[in-house]
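Here are a few notes from my pass through this one. Have the model open while you read.

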Amino acid sequence: MTEQTRLPTRARNRADGPALSVLVLPGGTDSSYRPFSPWQGSAMRMYPFTASIALRFGRAVDIRQVRYRVYGWNGGQASPMPYARAALEQACRDHPETPVAVIGHSMGGRIAAQLAADARVSAVLALAPWWQFADWRMIHDDARVLAIHGDADTVTFAHRTAKGIEELRDRGMDATYVPVPGGGHPMLDHVGLWHRAALDFVGTELRTTRAQAR
């Protein structure tokens, strides 16, 4: 069931394994049974994130961009979740005891939050997440959460993301909200900000993981 894209090959593992696994979760739409394509806009939008993380951190990080079967969430069917969970299980089988960070854009942010009910997920980066249904409440208490949202986004809503992060902080969690003034949903503006934030997020998680292993 697992479908994922690995970029580039240098991100694959050393004999002693990576210090961190990362799952990149593209967006989708509310309702659609159109087959998910690795060439559609939501997938293409995340390849630069996947590639830049792989290039920056090399063998220290095993990074995989997840593919779903169909493009839509589709209500209670939550169509992408079996494929996202299968990708998490595969990453954990490949690298037992290695923490997993998840990065999701839009619908991928919703998927990331739901995956983070699993204690093996150590950190969540939500980029303009689709959190209208309070999906942040599924994230377990020990996860670190960073959410970034443009205040000009008309597809998903920055005020919901800010509310979610405030609620997580009230639970005592390490949760941060970063607004992007004038930022839209596709992340085609303030490109440096979005990508630096993703690299910093992975770098922080990698340093934390290495410190805990000492």
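A quick word on terms: helices here are DSSP runs of H or I with at least four residues, strands are runs of E with at least two, and both are numbered from the N terminus. Keep in mind that this is a predicted model.

1. Start with T98. It sits in the loop that links α2 (81-94) to β4 (100-105). Is T98 buried or exposed? Its relative accessibility is 13%, so T98 counts as buried; the cut-off for that is under 20%. Beyond its neighbours within four places in sequence, T98 touches P18, A19, L20 and S21.

2. Next, helix α4, residues 158-170.

3. Which residues of α4 are buried? They are A158, T161, G164, I165, E167 and L168. As for partners, the buried residues of α4 pack against β6 (144-150) and β7.

4. Have a look just past the end of α4 too: G172 takes a positive phi there, about 90°.

5. Last, P179, which belongs to strand β7 (residues 175-180). P179 counts as partly exposed because its relative accessibility is 45%.

Terms used. Residues numbered from 1 in each chain as written. Predicted model: local features only at pLDDT ≥ 70, side-chain atom pairs only at ≥ 80, totals over all residues. Heavy atoms only, no water. Buried < 20%, exposed > 50% of the residue type's maximum accessible area, 1.4 Å probe, protein only. Contact = heavy atoms within 4.5 Å.
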